[in-house]
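Work through the following exercises with the sequence and the coordinates at hand. Each task is followed by a solution in steps.

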Amino acid sequence: MTPLDAESLKHHLAGLPGWTHHPERGAISRSFRFANFAEAFGFMAQMAAVSERLDHHPEWFNVYNRVDVTLTTHDADGLSERDITWAKAADGAFAAFQRNGG
């Protein structure tokens, strides 16, 4: 697994406006806020299925209506295409929760 090169990373990050880049860690993070715990847990369950399909698992933390996610590819020692794919899927799932209320 190879990390994204600087140009690819810059391009991908431009398409992920809700995410914060942590270059010292080779990671990106985002906090998602939901209406309640059930929605937050539903999002995590949905993204757990995505994680299994991608064979890529986030570092995440949940308290009530908040899910904090950090993505990095340990095998690449930084960010990879898998992180970007997971982040885009999470953004899409979150948007659906906002539109549909779960």
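The model is predicted.

**Exercise 1. Find the side chains with which the side chain of Asp83 makes a polar contact, and characterise the surroundings of Asp83.**

Step 1. The side chain of Asp83 makes a polar contact with the side chain of His56, at 2.6 Å.

Step 2. A polar contact also links the side chain of Asp83 to the side chain of Thr73, again with a value of 2.6 Å.

Step 3. List the contacts, leaving aside neighbours within four places in sequence: Asp83 touches His56, Leu71, Thr72, Thr73 and Gly78.

Step 4. Asp83 is buried yet has no salt bridge. The nearest side chain of opposite charge is that of Arg82, 8.4 Å away. A salt bridge requires a side-chain nitrogen of Lys or Arg within 4 Å of a carboxyl oxygen of Asp or Glu, so Arg82 does not qualify as a partner of Asp83.

**Exercise 2. How many salt bridges does the model contain, and which parts of the chain does each tie together?**

Step 1. The count comes to 3 salt bridges.

Step 2. Take Glu59 and Arg25, whose side chains meet in a salt bridge at 2.6 Å, N to O. Glu59 lies in strand β3 and Arg25 in the loop between β1 (20-22) and β2 (27-33), so this pair ties together parts that are 34 residues apart in sequence. Glu59 is partly exposed at 31% relative accessibility, and Arg25 is partly exposed at 42%.

Step 3. Take Asp91 and Arg30, with their closest N and O atoms 2.5 Å apart in a salt bridge. Because Asp91 sits in helix α3 and Arg30 in strand β2, the pair ties together parts that are 61 residues apart in sequence. Asp91 counts as buried at 19% relative accessibility, and Arg30 counts as buried at 19%.

Step 4. Take Asp68 and Arg66, whose side chains form a salt bridge at 2.9 Å, N to O. Asp68 is partly exposed with a relative accessible area of 23%, while Arg66 is partly exposed at 22%.

**Exercise 3. Is Glu52 buried or exposed, and with which side chain does the side chain of Glu52 make a polar contact?**

Step 1. Glu52 lies in helix α2.

Step 2. The relative accessible area of Glu52 is 55%, so Glu52 is exposed.

Step 3. The side chain of Glu52 makes a polar contact with the side chain of His57, at 2.7 Å.

Step 4. Compare sequence and space: Glu52 and Ala90 are 38 residues apart in sequence, and their C-alpha atoms are 14 Å apart.

Methods:
Residues are numbered from 1 along each chain as its sequence is written. This is a predicted model: local features need pLDDT of at least 70, side-chain atom pairs count only at pLDDT 80 or more; totals for chains, interfaces and linings use all residues. Side-chain values use heavy atoms; hydrogens and water are left out. Buried means under 20% relative accessible area, exposed over 50%, partly exposed in between (1.4 Å probe, protein chains only). Lys and Arg count as positive and Asp and Glu as negative; His and the chain ends are not counted. A polar contact is a pair of N or O atoms within 3.5 Å; within protein, one must be able to donate a hydrogen and the other to accept it, and residues adjacent in sequence count only if both atoms are side-chain atoms. Contact means heavy atoms within 4.5 Å. Helices (H or I, at least four residues) and strands (E, at least two) are DSSP runs, numbered from the N terminus.
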